[in-house]
Amino acid sequence: MTDFDLVIRNGTVATAADTFACDVGVRDGRIAALGEGLAAGGREIDATGMLVLPGGVEGHCHIEQLSSFGVMSADDFHSGSVSAVFGGTTTIIPFAAQQKGESLRRTVEDYHACAGPKAVIDYGYHLIISDPSEQVMGQELPALIRDGFTSFKVYMTYDAMRLDDYQMLEVLAAARREGALVMVHAENHDMIRWLSEKLIDGGNWQPKYHAVSHSRAGEGEAAHRAIQLSRLMDQPMLIVHVSTEQAMDEIRRAQDQGLKIYAETCPQYLFLTAQDLDRDGMDGAMFCCSPPPRDAAAQEAMWRGLANGTFAIFSSDHAPYRFDDSGKLHAGPEPTFKQIANGVPGIELRLPLLFSEGVGKGRIDLNRFVALTATNAAKLYGLHPRKGTIAIGSDADIAIWDPEREVTVSHSMLHDNVGYTPYEGRTVKGWPVTVISRGRVAVMEGELQVAAGSGEFLGRDFPEAARPLGRLEPEMDPARNFGAEILPR
Ligand code: URP
Ligand code: ZN
Ligand code: ZN
């Protein structure tokens, strides 16, 4: 008879708050004890010299999703979740993306059918709302939020997805009424459209012009506008995949004013630049994502935002398309930049890249690394403390890192189905060598040890982060201006 199913001994545990030496005892898939000299476990892992960290919570990835171009992502819930877990991530929250005219409930059922038999780690979905009809906003969305889909993404650009400001206000009002977090893709649609048309009309169709058409000003403007919509509605908001100092400054200013504006950045904005889109032939297409990578100064700004707390989360925005006619080049061998499927892969390298260049190079400390990659996403998306931390009662989702292991990245060692990595040839120091999901050893010695379909769906709680400040703009004063409350409480 043993006290624990699993004991991880002699490691250094780090959470978003503290770093300490202790053993971790796991029983029935949960953390049951933290302490020195724990009693024997049915299975024991010696973590001497290792870091014992919460498994990553990946809050932004596109898996088995039809893009706005109608292109299916290269990863399904099996390859996507396998790739995630090999990179130290134990929870994924991809998107259940509504197609225009489709019922949101139907969207979710379709994703359940895909994920259930395939996912190897726990998962939930954010909703993508592309068609905020009366039926969707009045009935389907409230019911789904109550069922645990407590976050959703809206787009200010892309023809097939974008909402206008009026629709954004309706979505924010629904989020306020029902208790959900709104994630925003903030880029100015007409600036992109105008620039793209002029570029292509002038014969400038190559991948590098993608970065020109998605201007910094357009990202800054849309971030500013989104923040004002959030301010008017007194409803928190998360601005995803921030790439520019312009947008970051808008966010920082709003945060300094006490607004609940959260923000995310991603590996492509730390490690790639617009120069990558100017590689030989069509190779630049592999680096086309929206917003696009910028330059060295923008990279430095993103690092500053990660260190100073402007960014709450660091996600991959894994949007996997193969470099062939099933993905990036679906429109032909030499498409214009407007026809290239948007997105880069990164779900497996998200944590190693940030660990190596962030913690390893002294740009952020270990606790901030944990906050950015696990704890804050769990909090923003209503999963904390079940996920995203190492605490008694939490799910035993743990990544054991060898901080000294050096790995030279090549696509052949990764587990996604993309066929290339934007980070080919880069050497990282620090690697998640053993990964545990709900107490099950999922990855050890480079081997997957959990079966397709063994991941569990996660219904999520009301995210505290989405609670309004209760600070209304004077114009919204019901007594003075409307004679009745117009905002849902
Ligand atoms: O280029 C990107 N990021 N593609 C994925 C879709 C999105 O906007 O997140
Ligand atoms: Zn987006
Ligand atoms: Zn995305």
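**Group meeting talk: a walk through the predicted model**

Let me start with one side chain. Lys153 sits over the face of Phe95, 5.4 Å from the ring centre. Over a ring means that NZ of Lys or CZ of Arg is within 6 Å of the ring centre and within 35 degrees of the ring normal. There is another case: Arg363 lies over the face of Trp303, at 4.5 Å from the ring centre.

Some ground rules. This is a predicted model, where local features need pLDDT of at least 70 and side-chain atom pairs count only at pLDDT 80 or more, while totals for chains, interfaces and linings use all residues. Residues are numbered from 1 along each chain as its sequence is written, chains are lettered from A and ligands numbered from 1 in the order in which they are written, and side-chain values use heavy atoms, with hydrogens and water left out.

Back to Lys153, now at the metal. Which protein residues are donors to the zinc ion (ligand 2)? They are Lys153 through NZ, His185 through ND1 and His241 through NE2, at 2.1 to 2.2 Å. Donors are N, O and S atoms within 2.8 Å of the metal (3.2 Å for Na, K and Ca); water is not among the atoms, so sites may look incomplete. The sequence spacing of these donor residues is K-x31-H-x55-H. Another zinc ion, ligand 3, is 3.9 Å from the zinc ion (ligand 2). Lys153 belongs to strand β12 (residues 151-155) and His241 to the loop between β14 (237-239) and α8 (245-256), so the pair ties together parts 88 residues apart in sequence. Helices (H or I, at least four residues) and strands (E, at least two) are DSSP runs, numbered from the N terminus. Lys153 and His241 are both buried. Buried means under 20% relative accessible area, exposed over 50%, and partly exposed in between, with a 1.4 Å probe and protein chains only.

Helix α3 covers residues 134-146. At 1.5 Å a residue, its 13 residues should span 18 Å, and the end C-alpha atoms are 18 Å apart, which agrees. The expected span is 1.5 Å times one less than the number of residues. Where is the kink in α3? At Glu140, shortly before Pro142, and it is about 40 degrees. A bend is the angle between axes fitted to the seven residues ending at a residue and the seven starting there. The buried residues of α3 include Val136, Met137, Leu141 and Ile145. The buried residues of α3 pack against α2 (104-115), β11 (126-128), β12 and α4 (165-178). Contact here means heavy atoms within 4.5 Å. Just after α3, Gly148 has a positive phi of about 105 degrees.

Now α12. Its 15 residues should span 21 Å at 1.5 Å a residue; the end C-alpha atoms are 20 Å apart, which agrees. A kink of about 50 degrees is centred on Leu372. Of the 15 residues of α12, 14 are buried, so the helix is largely enclosed by the rest of the structure.

On to the rings. The structure holds 14 aromatic pairs. Rings of Phe, Tyr and Trp (its six-membered ring) pair if their centres lie within 6.5 Å; planes under 30 degrees apart count as stacked, over 60 as edge-to-face and the rest as tilted. Take Phe271 and Tyr423: centres 6.4 Å apart, planes at 85 degrees, so edge-to-face. Both residues, Phe271 and Tyr423, are buried. Then Phe369 and Trp401: centres 5.7 Å apart, planes at 85 degrees, so edge-to-face as well. Phe369 is in helix α12 (residues 366-380) and Trp401 in strand β17, 32 residues apart. One aromatic cluster is formed by Phe77, Tyr111, Tyr123, Tyr125, Phe149 and Phe457.

Last, some backbone points. Most residues other than glycine have a negative phi, and most peptide bonds are trans. Here, a cis peptide bond joins Ser290 and Pro291, with omega about -10 degrees. The bond from His384 to Pro385 is also cis, with omega near 5 degrees. Pro385 lies in the loop between α12 and β17. Asn10 has a positive phi, near 70 degrees. Asp28 has a positive phi near 50 degrees. Is Asp28 buried or exposed? Asp28 is exposed, at 67% relative accessible area.
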